[in-house]
Amino acid sequence: MAESFGVDAERYDRARPRYPGALVERIVAASPGPDVLDVGCGTGIEARQFQAAGCTVLGVDPDARMAEFARRSGIDVEVATFEAWDPAGRAFDAVIAGQAWHWVDPVAGGAKAAQVLRPGGRLAVFARVFDPPPAVADAFATVYRRVVPDSPLNARPPGQASAIYQAMFTTFADGIRQVAAFGDPEQWRFDWEHSYTRDEWLDLLPTTGGLTRLPADKLAEVLAGVGAAIDGIGGGFTMPYATLAVTAARTNAI
């Protein structure tokens, strides 16, 4: 699934929301310099935000399609998984991963980050958490169970994203703690909202992990069911988002 998002890189870049400016600013302020390595950079969404904040960004991503899109938007990207990527002696002031660290082994990834960070450099992994309004979430769950009855995603009840992500970020923090080169990890949280029209939400949905590999006819059926639910609540809704981050500074010892 990690390499399925590039099937429509243009849609992914267009529809996926950006990260809060306060998150970018806090990571930049907590790092000793402007050199950033973006792990799982995708189409370059967060990389461009860090560039705009004055950073020099190198991306690493396993999907050549996503990497090519990011290059066209001005990001230097090397194609590899983070674990297999060759830093070739290069060092960075921050290693970031937006919506991507769950594809990386938490201990091996932390060790690789420590290897390429300068003393005092910062590892920051972050992701968006959201639970759609009940009418939208229930419609998605109902139609998805009908269209893809054998999917493991059907075991996830609607409205549980916050608990799932919190458990995932606890795993991230535990992995960082196992790397002796880091100080104790901190967790940051940024709450925000974004309003969606029916068409905007249906543009975003095919970029999510459960839908990137669906055949076109099944995807259309899912989108029709969700679209009808959004029409039923007035044609749009406001999504409450939380961006969670786990971050730690590299100590002088490694």
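Is cysteine 55 counted as buried or exposed? At 9% relative accessibility, cysteine 55 counts as buried. Here buried means under 20% relative accessible area, exposed means over 50%, and partly exposed lies in between, with a 1.4 Å probe and protein chains only.

This is a predicted model, in which local features need pLDDT of at least 70 and side-chain atom pairs count only at pLDDT 80 or more, while totals for chains, interfaces and linings use all residues. Residues are numbered from 1 along each chain as its sequence is written, and side-chain values use heavy atoms, with hydrogens and water left out.

The cysteines come first. A disulfide is a pair of cysteine sulfur atoms within 2.5 Å. A search of the whole structure finds zero of them. Cysteine 41 is in no disulfide, and the nearest cysteine sulfur, that of cysteine 55, is 15 Å away. Because the closest cysteine sulfur to that of cysteine 55 is the one in cysteine 41, 15 Å off, the distance is too far for a bond. Cysteine 41 is also buried, with a relative accessible area of 2%.

Charged side chains are the next topic. Side chains of opposite charge can pair when their charged atoms come close. A salt bridge is counted when a side-chain nitrogen of Lys or Arg is within 4 Å of a carboxyl oxygen of Asp or Glu. The structure holds 15 salt bridges.

One of these joins arginine 48 to aspartate 13, with the closest N and O atoms 2.8 Å apart. This pair links distant parts of the chain, since arginine 48 is in helix H3 (residues 45–52) and aspartate 13 is in helix H1 (residues 9–15), 35 residues apart. Helices are DSSP runs of H or I with at least four residues, numbered from the N terminus. Aspartate 13 has a relative accessible area of 9% and is buried.

Another salt bridge pairs arginine 146 with glutamate 221, where the closest N and O atoms are 3.3 Å apart. Arginine 146 lies in helix H6 (residues 134–147) and glutamate 221 in helix H9 (residues 216–232), so the pair ties together parts that are 75 residues apart in sequence. Arginine 146 counts as exposed at 51% relative accessibility, whereas glutamate 221, at 35%, counts as partly exposed.

A further salt bridge forms between the side chains of arginine 177 and aspartate 184, at 3.2 Å from N to O. Arginine 177 is partly exposed, with a relative accessible area of 44%, and aspartate 184 is exposed, at 59%. Elsewhere, salt bridges that share partners join Arg11, Arg14 and Asp203 into one network.

Terms used. Helices (H or I, at least four residues) and strands (E, at least two) are DSSP runs, numbered from the N terminus.
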